Amino acid sequence: MMQKLKEENYPVRILVYIFGLFIMTLGISMSVKSDLGVSPVSSIPYSILF
């Protein structure tokens, strides 16, 4: 049952992941625009945006 549940939710999980990454990227871009800098954890979404 657990295997079937994971396969059915796979497209939804990808969409949620992409949406979350987009929200993180927006927050990081606002942080950079306000000259607060970028932390190492935020460097991946930062590099995707710029």
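Predicted model: local features only at pLDDT ≥ 70, side-chain atom pairs only at ≥ 80, totals over all residues.
The protein contains three helices and zero strands, and the order of elements along the sequence is α-α-α. The mean pLDDT of the protein is 75, with 62% of residues reaching 70 or more. Among the elements of the protein, helix α1 (residues 2–8) has the lowest confidence, with a mean of 62, whereas α2 has the highest, with a mean of 85.

Helix α2 spans residues 10–33. With 24 residues, α2 extends 35 Å between its first and last C-alpha atoms, which is close to the 34 Å expected at 1.5 Å a residue. Its buried residues are T25, I28 and S29. An α-helix has 3.6 residues a turn, so residues three or four places apart point the same way. T25 has a relative accessibility of 8% and therefore counts as buried, since the cut-off for burial is under 20%. The side chain of T25, a residue of α2, also makes a contact with the backbone: it reaches the backbone oxygen of L21 at 2.7 Å. Just after α2, D35 adopts a positive phi of about 60 degrees.

A nonpolar patch lies on the surface of the protein and is formed by F19, F22, I23, L26 and M30, which together present about 530 Å² of accessible area. One of these residues, I23, is located in α2. The relative accessibility of I23 is 43%, so this residue is classed as partly exposed, because that category covers values between the 20% limit for buried residues and the 50% limit for exposed ones. I23 thus contrasts in class with T25, which is buried at 8%, although both I23 and T25 belong to α2.

Helix α3 comprises residues 43–49 and includes I48. At 54% relative accessibility, I48 is classed as exposed, because exposed residues are those over 50%. The C-alpha atom of I48 is separated by 9.5 Å from that of L21, although the two residues are 27 positions apart along the chain.

Terms used: Residues numbered from 1 in each chain as written. Heavy atoms only, no water. Patch = residues over 30% accessible without salt bridge, like charges linked within 9 Å, V, L, I, M, F, W, Y side chains within 5 Å. Areas by Shrake-Rupley, 256 points an atom, 1.4 Å probe, with all protein chains shown as cover. Salt bridge = Lys/Arg side-chain N within 4 Å of Asp/Glu carboxyl O. Helix = DSSP H or I, 4+ residues; strand = E, 2+ residues; numbered from the N terminus. Buried < 20%, exposed > 50% of the residue type's maximum accessible area, 1.4 Å probe, protein only. Expected span 1.5 Å × (residues − 1). Polar contact = N/O pair within 3.5 Å; in protein donor to acceptor, adjacent residues only side chain to side chain. pLDDT = per-residue confidence, 0-100.
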